[in-house]
Amino acid sequence: MFLQPVTHQGSIRVPFQITVQRGQRCQRREAITSISANNRRKESVAGKGGDKSKTQAQVCTAGEDRAILLGFVMMGFSILMYFVLGVTLIKPYMLSVWSEMSNCTLMRSEILDDWVDCSFMCGVDCRGHAKYPCLQVFVNLSYTGKKTVLHYNDEAIQVNPKCFYIPKCLRDRTELLAEAEKIKNSLLRSNGTPFNCFYIPGKKPEDAIMYKKYTLSVVVHCLFWPTLMLAGGALIVALVKLTQHLSRVCTSYSLAHEDTQALTPVSEESQERRPGKLDQLLRWRPNQQQIQHTSLSEG
């Protein structure tokens, strides 16, 4: 009588264990199938995204290289302009001796009878000769209170220290004389009103000029454009470098995020492989029945 329950319980336990094992195998197959499908889907998406990202990266790289090249070209031209302006503008301004300013009052202006010889170009291998009238202007320099010869600018005094200005050399004597008379009348309209003039300090001033050819405003205005070009080129290069840095940061962040997502199915697989509460309960029931049957058989 004691062997019948054992046989009966054993016959119930064996099919139950087979059913549980089959359920676990089915669960494992489903988990493996879902994981493989997810991996295939990710690989296909990664392949498409990789091709697009490669194309976009090539286009961006070409555009960035052109922008950097443009920036360096702009900076190179600005440096060349600095060199040219430094030789032709800044150096004469720094070496100018007409640094002191005073007031001048017109005393007398006249056109000399002796005209000055000049030459002009009439062709490739042609050189003509002519004469221009010399307008001489005398002013009273307030710094010394004495009569001083006035010149239009510092370039005119270097060409002819006696004349007020140097006109363009032409064959038409009538036109040159009319121009000189016009300038003389414009000076006479001042009616003894003082005006600003420049002289050389440190020695007895015998000459004065009305205007300086190279002034601070002229230098600043000429240096503004190469400075603007240099700043623009440097800004373009800096923006491209900043864009490249941000792109690398975004790429590293996206790769880290993809790695995190790739590790997520592994955790799900491990969770699926863990026995659930139902499996534990079903495994626990036969053991309880066996314990009860053993206790009854011993009783």
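Visitor: Why is Cys-250 called exposed?

Guide: Exposed means over 50% relative accessible area, buried means under 20%, and partly exposed lies in between (1.4 Å probe, protein chains only). Cys-250 has 52% relative accessibility, so Cys-250 counts as exposed. A caution: this is a predicted model, where local features need pLDDT of at least 70, side-chain atom pairs count only at pLDDT 80 or more, and totals for chains, interfaces and linings use all residues. Residues are numbered from 1 along each chain as its sequence is written, and side-chain values use heavy atoms, leaving out hydrogens and water.

Visitor: Why is Cys-222 called partly exposed?

Guide: Its relative accessibility is 27%, so Cys-222 counts as partly exposed.

Visitor: What makes Cys-104 and Cys-197 a disulfide?

Guide: A disulfide is a pair of cysteine sulfur atoms within 2.5 Å. The sulfur atoms of Cys-104 and Cys-197 are 1.8 Å apart, and they form a disulfide. Cys-104 sits in strand β1 and Cys-197 in strand β6, 93 residues apart. Strands (E, at least two residues) are DSSP runs, numbered from the N terminus.

Visitor: Why is Cys-104 called buried?

Guide: Its relative accessible area is 0%, so Cys-104 is buried. Cys-197 also counts as buried, at 0%.

Visitor: Why is the disulfide of Cys-134 and Cys-163 called left-handed?

Guide: The torsion about its S-S bond is about -120°, so the disulfide is left-handed. For Cys-118 and Cys-169, the torsion is about 75°, so that disulfide is right-handed.

Technical notes. Helix = DSSP H or I, 4+ residues; strand = E, 2+ residues; numbered from the N terminus.
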